[in-house]
Amino acid sequence: MAKRPFVAGNWKMHGTRAELGQVTHVSIETETIPEVLVALCVPATLITRAVSASPGFLIGAQDVHHEAKGAFTGSVSVKMVKDAGAKLTIVGHSERREMLGETDAQVRAKAELAIDEGLKTILCVGESDKVRETGQALNVVAQQLEASLPDRVTAPIHLSIAYEPIWAIGTGKVPSTGDIGAMHGRIRQVLEQRYGDGAASIRILYGGSVKGSNAKEIFAIDGVDGALVGGASLEADDFMPIVHAAAAGVKA
Ligand code: PEP
């Protein structure tokens with residue numbers, strides 16, 4: 001991996017105070033692995049506690065609202081998660097796009113607000129199994145990305161893209177290394193067209209059933225700069241082997 005790899009966990013709707021020990025475990029162990037940037041995106045209710053439990057470690061939110069503030073009962077804004085201590089947010093996760101009908105325009109607005117506030121931002125894209133079967137995955141994901149990317153990125157270094165095929169999330173299925181490499185190459189092209197030289201610092205992560213057992217192979221793929229990890233991020237003992245695989249990839 002040419003860039004310092006980035007491995008981020010997404011706890012989704014899992015975790016209460018009882019699980020904070022997992023955050024502490026990951027944060028302490030990662031202090032000895034400076035070659036990898038590591039983060040955990042915890043439920044909004046845990047952000048402040050997770051930050052207190054792991055000073056200096058990168059804690060993120062899993063989503064933010066696409067408006068800066070207003071009458072949006074139950075939602076949290078960029079400023080709120082930042083105030084809680086988050087330094088990162090995910091936007092455009094397929095579970096929100098698919099289940100809550102979030103649009104590309106909303107994802108773009110979220111990313112713009114988050115980056116303007118100085119949050120690192122992981123913007124997710126990915127195709128369904130039906131799209132993959134029709135052979136249109138590269139085109140569909142490129143279009144989704146073009147429509148979701150902020151027009152202006154004040155700090156490209158803050159932006160990462162996560163390629164997460166929907167059919168690979170939580171299923172144990174993973175695309176072939178060739179398919180992952182081809183998609184990351186296409187995403188890189190879109191970023192270069194949009195941001196020119198500014199695209200160079202943007203990481204492209206792979207997400208979808210990454211585990212300790214397959215991480216080494218995934219990190220060896222050209223164009224993969226890290227991973228977004230769901231299920232295997234809940235327990236430090238499952239997550240840390242992925243971080244170690246990323247570190248080994250740097251040394252290889
Ligand atoms: C995710 O939800 O972002 C994800 C990649 O999940 P999993 O690792 O469980 O497939």
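Residues are numbered from 1 along each chain as its sequence is written, and side-chain values use heavy atoms, with hydrogens and water left out. In this predicted model, local features need pLDDT of at least 70 and side-chain atom pairs count only at pLDDT 80 or more, whereas totals for chains, interfaces and linings use all residues.

The protein contains ten helices and eight strands; these are DSSP runs numbered from the N terminus, with helices (H or I) of at least four residues and strands (E) of at least two. Its radius of gyration is 17 Å, close to the 18 Å that the globule rule gives for 252 residues, so the protein is as compact as a globular protein of that length. The radius is taken over C-alpha atoms, and the rule is 2.2 Å times the number of residues to the power 0.38. Along the principal axes, the C-alpha atoms fill a box of roughly 45 × 45 × 35 Å.

Of the 252 residues, 50% count as buried (under 20% relative accessible area, with a 1.4 Å probe and protein chains only). Among contacts (heavy atoms within 4.5 Å) between residues at least 6 apart in sequence, 74% join residues at least 24 apart.

Attention now turns to the ligand. There are 14 residues around the ligand, of which K12, E164, G170, S209 and G230 come nearest; a residue is near if one of its heavy atoms lies within 4 Å. By class, this shell has four nonpolar, eight polar and two charged residues, where Asp, Glu, Lys and Arg count as charged, Ala, Val, Leu, Ile, Met, Phe, Trp, Tyr, Cys and Pro as nonpolar, and the others, Gly among them, as polar. Oxygen atoms of the ligand lie 2.6 Å from a side-chain N or O atom of K12, 2.7 Å from one of E164 and 2.8 Å from one of H93. The protein covers 95% of the 290 Å² of accessible area that the ligand has on its own, as given by the Shrake-Rupley method with a 1.4 Å probe.

H65 counts as buried because its relative accessibility is 13%. A polar atom of the H65 side chain lies 2.9 Å from the backbone nitrogen of E67. Beyond its neighbours within four places in sequence, H65 is in contact with F72, S75, V76, S77, K110 and L113.

Terms used:
A polar contact is a pair of N or O atoms within 3.5 Å; within protein, one must be able to donate a hydrogen and the other to accept it, and residues adjacent in sequence count only if both atoms are side-chain atoms.
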